[in-house]
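Dear colleague,

Please find the structure below, handed over for your records. My notes on what was found in it follow.

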Amino acid sequence: MRRIGLTIVGLLFFAFSVMAQRPFITNLDKTTAAAGDKLTISGINFPTSAANIKVRFGAGVGTVTYASTNLLEVTIPGNATFGNVSVTNLTNGLIGYSSEFFTLSFGGTSFLSAAIDGAVGFAADQNGTYDLCACDFDGDGVIDAATSHFNDQASRVPVYRNTSSITTTTFTKLNLPSLLINEATLSITCGDLDGDGRPDLLATRAIAGVTPGDIVFAFRNTSTPGAISFSSPISLTLPPDPAGNRKNVSRVSIIDLDGDGKPEVIVSNQVDNQIDAFKNTSTVGTLSFAAQPAQFSIGVSRSFGLDVKDLNNDGFPEIVACALQQPNIFVLPNISSEGTIAFGPSVTLPVSGNLANLVVGDLNGDGLNDISTTQIGNNSVSVILNQTSEVGGAISFGAASSFSVSSGAWGLDLGDLNGDGKLDLLVASTTSNNMTVLANTSTTGLTFERFNIPAGSATRNVKIADVNADGKPDLLAAGITNNELIVIANRNCISPTITPSSATVCTGTDFTVEATKSIGHTYTWETASSASGPFTAQAETSSSLNLSSLPEGSLFIRVNIKSNDGACDASSANSSQLLVSGTPPTPPGVVDPSPICAGETLQIDGTIAGAKSYQWTGPDGFASTEAVLSVANFQPAKAGIYTLRYVTASDCLSPPTQLRAEIKSLPPVAVRFDGNGLFCEDATVALSAASYAGYNYQWVADGADIASQTTTSLSASASGNYAIKISDAATGCAATSVAVALTKKTLPASQFTAVDAICVNVDTEFTAESTGEADLTLNYAWDFTSDGTTDNTNANATNTFATAGTTIVNLTTGYDEIAGCVSSATKSIEVRALPVIAIETPDGTEKCPENEVTLEVADNFVSYAWSTSETGNAISVIDPGTYTLTIIDDAQCIINSTVDIVNFDTSNSITAVSNRSVIDEFDTTQFNVTGASEILDWTPLTGMDDPTISNPIVTGTYEFGDVLNASNQREYLYVVTALDGNGCEVQASIPLFIIPDESPQPMKSFSPNGDGIDDLWSVENVEFNQDCKVVIYDRRGRAILEKKPYNNDWAGRVNGNDVEQGVYYYVFICDDATRSQNGSILLFR
């Protein structure tokens, strides 16, 4: 829900509604100032008697010095604390809160840790000190305190009455009977719940054993000045979660959520993801709340840290929470209206780490409240800066920045500890005795200077509040170590300045100079007629020096300021010089103008006869030198005191004349709607505004009235700038809200591409091709199962279908920026079962080892991938083994098929044997081959009679030069090549061993011509015949060679001479006569 802030152009009259009785604050003229300064508050329905008004500055109460129904002037109290300014109508108990936060300052510059007192502890006399709150319970003008104790079931809530002086910090613990509840307590806070002007007290029950912490105790304040008292509590019980688990409250807060003038009680809890808000139904003097709280879901379970403050400046506070030891901060945008508490969806603000507590306040001075949170474990505070761009607009924050603090960071609080007008942070430490001050030094961006503050104890939660009436915020903490309230006085000093620094004033007139204002200080004013003195002390001891009937001449003014506790003593950084001359002026005859409607022009005629020039000053930095003051489009920020001075003919400045200009303000009004202003062509936008009795309404589009649209709701169906005009016929005043821009957008056109058919269990790609408005971001929702659920949200999606059949795929296209602006497209997809395909083997699956076979499938598939890396539909293979084929068809079915190819076993398909494996040379044997269908070849052919048959006869033959084996045999291996019964070419072998004839075997001829061929007469088997003698005879019968043994070494020479060619005769004479032989030899060359 979005709310757009009001541009005020008129007055609404609230005479007939409860709203008319509730004070509305529309503007604070300043959001930081010192104690004793005046704050001007513009608004509506203020009581006109100061006695009927209570103006609170957080825990402190201001003094009302002027009151009208539209404007209050209030003196800022010294015990003001950071927070809303509230105005309570004591006659009806209704309270109005400022959307702006006020910070007490005191004119300091930098933080000095040395100017901090030592810690003072006040015993609680109870165990488990946990939390504290600080309020002026008895209305005596000083801040009191109360603490909670989570480890003490026999507990009362300790209240500490402040009896401090400016020099001494003292608190008295009160044992009030009404606060004896015999329950351990956890979170504690205080604030006015029934509108009687006194801060009431809330304490939550702590978990104790099996006792859950699901109760908030509310104690009505019945105190009188100097005497603190409370009534017995009423109990606000949180309902259990949907599972029946009782809740445990984490933190509790007090603020008006729905603008009805009654602050609600808001709690976080550590059980579920609900924030509970008890609607306030109290009346003055009686506390009462709705029995059942309103509940709002945040983005995390077990919420812990809690603060409730306005984040978009629309006057309605947001709920800000975090979970304990988890990341991220969660915001509930407030969309409430009078009497109805309502919040928009939870907004997640990313912050990493383990968070504990948080606090909200403007740290960089941009008018937007930022969020600070403690981090458990990494000793730091994280800060996220508010970047919300519109009043009432969507909540937006930047990235987190982290700042180092003492270990065990837990509770934290905001306040201006050095008086420079910037919020500083005070952080507790549960594991050390040092608290941390992060002094805000930001100019641009966000920077802090860290200071460790000794607390004498570990601390759990902290508060910043002035406890000793010196106008400087002090430090308070719940002390863990000694179970006590810890108070540390702030003695940082101010740096006084004087305004104006110079002026020319008329003789005989009065003139006032101002020094930096601070309570708890004594001012010593001195004047002199020259800068060098001598200076004369004046009697005035306040921050203002009024000089009466000034004589002609020069006057130099200086001031010294000393704190009443003696800690500070400083002279002004500047002095003021007055030049007094000229004729006393005639006072201008101007009076306060009547209140005017917002949006009108304020005019005041200050014309004075003889005036040479004019000096107008006023609220919000207004300045003018015209005689007639004119402020167009008068708004609450411009209401207040206007001062007129003029320069006379003798060039002197007149005394100031002050005028009070009041505005007839309006309460916060906004146009509300869901979304961001963009809507779909087939939709409308529901606009609404707060409804107040007694007023007329008119909706406006693009500056023109919309006919017949005069209620507080409108259904907008066209693009345009929409506003609502609210008018009061009795006064003629009107207000028109800021226009909200609505833009109608065309529906996206949803379309996508995909295959027509797909196989089961195959990833299927779907590609969105939707179109829409160019400045918007399309989103996608795919439904692959026709069940209305979203299966994928990507533009390009992948899905796998597990079941065969026809399925309808739906794509819904929308816009990120516009919820519900969608269109759909569908497509029918045929999902096929995975087919079974066998590899065909026309040559069979068994083969001869030397043969190839063909493997094939049909040629109508998309792709083929064989395990051989071939990619055709058919392949030829020769090796046996398992062959795999992966086929992809037109439906992307991936089909795997295998076939096993084996070779015939040829190891024993034929046999070859010989009837004898050993024969004598020249003897015979017969081979026999069985199992062969055809003989192809024998090798060798030696001695074989027919190599084409399976049973050839082999004769043992002699081959000159054959090598004998170890058994003195000639060894032959006969190999037969044949076709077996399967037609496979196979081989078998037959070993054959031949016993050679060892008798001498002489050569019949030789040719000793030196050509290396048969140059020697050789005798085979000579090595076996070494006992034989060889005798060679020529043809005449003469013996020409006789040797025993003969070693194959005769080269046809006798006595070194070649013998003639021809025939010669040899005789072998051996011991074994059977080997003796003779014969002829042919010798030729």
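Contact here means heavy atoms within 4.5 Å. Leaving aside neighbours within four places in sequence, Thr 807 is in contact with Phe 784, Ser 786, Phe 801, Lys 827, Ser 828, Ile 829 and Val 831. Thr 807 is buried at a relative accessible area of 14% (buried is under 20%, exposed over 50%, partly exposed in between, with a 1.4 Å probe and protein chains only).

This is a predicted model, in which local features need pLDDT of at least 70 and side-chain atom pairs count only at pLDDT 80 or more, while totals for chains, interfaces and linings use all residues. Residues are numbered from 1 along each chain as its sequence is written, and side-chain values use heavy atoms, with hydrogens and water left out.

The whole structure holds 40 salt bridges (a side-chain nitrogen of Lys or Arg within 4 Å of a carboxyl oxygen of Asp or Glu). In one of them, the closest N and O atoms of Glu 73 and Arg 660 are 2.6 Å apart. Glu 73 belongs to strand S9 and Arg 660 to strand S55, so the pair ties together parts 587 residues apart in sequence (strands are DSSP runs of E, at least two residues, numbered from the N terminus). Both partners are buried, Glu 73 at 4% and Arg 660 at 16%.

Another salt bridge joins Arg 1038 and Asp 1034 at 3.0 Å, N to O. Arg 1038 is partly exposed at 48%, whereas Asp 1034 is buried at 7%.

With kind regards

Notes. Helix = DSSP H or I, 4+ residues; strand = E, 2+ residues; numbered from the N terminus.
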